[in-house]
Amino acid sequence: MSLADSVVYQICPKSFRGSSGDGVGDLRGIIEKVDYIASLGVDHVWFNNHTSTEHKWFQRALAGDPVYQYLLSPKEDGSLPTNWVSKFAGPASALCRQPVGGVLEGEVNR
């Protein structure tokens, strides 16, 4: 079975389920729901490491750190900053417009 023909269940661990009652998801909370996830007929579980605009790498890119510019800047030919592909359709990123007051004016990740 190819990935395109399978059922993928995406989990963002920090927001999925917590076991300690602090409102933050954790691996124990995910483990508690494994039977439920399996009952859905899932073929694969994908744990994403979501990088938001608040992530330190992204903040460094916004601040102009050249090490992290690959996250924002289009290539010289105008194409997307990376060749990363989303397994769910299309590219994993979109071109970012110029930051305005520390807030992005437009979409960064799909």
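The side chain of Ser 6 makes a polar contact with the side chain of His 44 at 3.4 Å; a polar contact is a pair of N or O atoms within 3.5 Å, where within protein one must be able to donate a hydrogen and the other to accept it, and residues adjacent in sequence count only if both atoms are side-chain atoms. The model is predicted, so local features need pLDDT of at least 70 and side-chain atom pairs count only at pLDDT 80 or more, while totals for chains, interfaces and linings use all residues. Residues are numbered from 1 along each chain as its sequence is written, and side-chain values use heavy atoms, with hydrogens and water left out.

**Overall make-up**

- The protein has four helices and four strands; helices (H or I, at least four residues) and strands (E, at least two) are DSSP runs, numbered from the N terminus.
- Along the sequence these elements follow the pattern β-α-α-α-β-α-β-β.
- Of the 110 residues in the protein, 18% are buried; buried means under 20% relative accessible area, exposed over 50%, and partly exposed in between (1.4 Å probe, protein chains only).
- Among contacts with a separation of 6 or more, 31% join residues 24 or more positions apart; contact means heavy atoms within 4.5 Å.

**Record annotation**

- In an unreviewed entry, UniProt lists residues 10-47 as "domain: Glycosyl hydrolase family 13 catalytic"; UniProt positions are given in the numbering used here, feature names are shortened, and annotations may be inferred rather than shown by experiment.
- Over residues 10-47 the chain is 42% helix and 16% strand, and the end C-alpha atoms are 6 Å apart.

**The segment before strand S1**

- Ser 6 lies in the segment before strand S1 (8-11) and is buried, with a relative accessible area of 13%.
- Leaving aside neighbours within four places in sequence, Ser 6 is in contact with Met 1, Asp 43 and His 44.
- Asp 5 is also found in the segment before S1, but Asp 5 is exposed, at 60% relative accessible area.
- Asp 5 and Asp 43 are 38 residues apart along the chain, and their C-alpha atoms are separated by 9.6 Å.

**Aromatic rings**

- A search of the whole structure finds one aromatic pair.
- The rings of Tyr 9 and Phe 16 have centres 6.4 Å apart and planes at 85 degrees, so the pair is edge-to-face.
- Rings of Phe, Tyr and Trp (its six-membered ring) pair if their centres lie within 6.5 Å; planes under 30 degrees apart count as stacked, over 60 as edge-to-face and the rest as tilted.
- Tyr 9 is partly exposed at 23% relative accessible area, and Phe 16 is partly exposed at 25%.
- Lys 33 lies over the face of Tyr 36, at 5.8 Å from the ring centre; a charge sits over a ring if NZ of Lys or CZ of Arg is within 6 Å of the ring centre and within 35 degrees of the ring normal.

**Salt bridge**

- The count comes to one salt bridge, defined as a side-chain nitrogen of Lys or Arg within 4 Å of a carboxyl oxygen of Asp or Glu.
- Glu 32 forms a salt bridge with Arg 17, with the closest N and O atoms 3.2 Å apart.
- The pair links distant parts of the chain, 15 residues apart: Glu 32 is in helix H2 (residues 27-32), and Arg 17 is in the loop between helix H1 (13-16) and H2.
- Glu 32 is partly exposed at 43% relative accessible area, as is Arg 17 at 35%.

**Tyr 68**

- Tyr 68 is in the loop between helix H4 (56-62) and strand S3 (99-100), and counts as buried at 14% relative accessibility.
- Leaving aside neighbours within four places in sequence, Tyr 68 is in contact with Trp 57, Arg 60 and Ala 61.
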